[in-house]
Amino acid sequence: MAKTKPGKKDLDSYNIKGTNKAVRVGDCVLMRPSDTDKPPYVARVEKLEADHRNNVKVRVRWYYRPEESIGGRRQFHGAKELFLSDHFDVQSAHTIEGKCTVHSFKNYTKLENVGAEDYFCRFEYKAATGGFTPDRVAVYCKCEMPYNPDDLMVQCEGCKDWFHPSCMGMSIEDAKKLEHFLCSDCSSDDDAKRSLNAFPMSPSVETKVEPKRRKR
């Protein structure tokens with residue numbers, strides 16, 4: 001942690017203006033943008049300090065939304081996905097609007113209900129170059145896209161890979177009725193008709209899909 005300048009003191013916490021919610025170092029917060037038409041910025045609190053007039057400043061590490069990155073939003077990016085950037089800043093604590101939670105990708109996929117203040121992060125992002133860490137992730141389906149937790153996927157009982165219904169020529173409604181599914185590589189012409197009912201939906205990050213897991 002950087003040394004506090006003379007006349008300034010480190011704070012253990014800061015109460016968000018107009019609320020009884022306390023923000024501490026390590027918390028994730030929503031910060032008011034200068035353009036009120038934009039959604040709030042998301043940041044991780046790195047340091048809180050007050051000057052001799054008790055003006056509170058917060059040092060933050062910004063999260064970027066996919067559309068704010070150099071590459072822009074892509075098909076596999078989730079609606080609540082964020083990238084932890086290497087962009088640090090100092091802001092007035094008065095711009096903090098509320099607290100939020102940025103989950104790991106694994107924990108996010110296990111949420112039963114996603115709230116308005118729930119986000120997830122699976123990449124770190126270099127703001128100057130547009131580079132990502134990790135630069136390779138597992139891909140699924142014949143479209144070879146990383147998993148988007150907002151999308152329904154169906155698992156092939158043969159190869160154990162996961163597929164988007166649309167890539168298999170099915171509607172979401174038809175996919176939800178399936179009891180068994182074989183992808184085109186695993187099924188014969190006689191198996192093209194799939195029986196109905198219910199079966200597991202969408203890959204968890206713990207699912208073993210090694211036979212057909214690919215890297216991109």
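Select Glu81 first. Glu81 sits in strand 7; strands here are DSSP runs of E, at least two residues, numbered from the N terminus. The model is predicted: local features need pLDDT of at least 70, side-chain atom pairs count only at pLDDT 80 or more, and totals for chains, interfaces and linings use all residues. Residues are numbered from 1 along each chain as its sequence is written, and side-chain values use heavy atoms, with hydrogens and water left out.

Glu81 is buried, at 1% relative accessible area (buried means under 20%, with a 1.4 Å probe and protein chains only).

Now show polar contacts (N or O atoms within 3.5 Å, one able to donate a hydrogen and the other to accept it; residues adjacent in sequence count only if both atoms are side-chain atoms). The Glu81 side chain meets that of Arg122 at 2.8 Å. The Glu81 side chain also reaches the backbone nitrogen of Gly78, at 3.0 Å.

Widen to contacts (heavy atoms within 4.5 Å). Beyond neighbours within four places in sequence, Glu81 touches Arg65, Pro66, Phe76, Phe120, Arg122 and Phe123.

Next, select strand 7, residues 81-92. Pairing takes at least two DSSP bridges between two strands.

- Strand 6, residues 56-64, runs antiparallel to strand 7, with seven bridges.
- Strand 9, residues 118-126, pairs with strand 7 in the parallel sense over five bridges.

Stop at Leu84. Leu84 is the bridge partner of Tyr63, and Leu84 stands opposite Glu124 in strand 9.

Notes: Helices (H or I, at least four residues) and strands (E, at least two) are DSSP runs, numbered from the N terminus. Buried means under 20% relative accessible area, exposed over 50%, partly exposed in between (1.4 Å probe, protein chains only).
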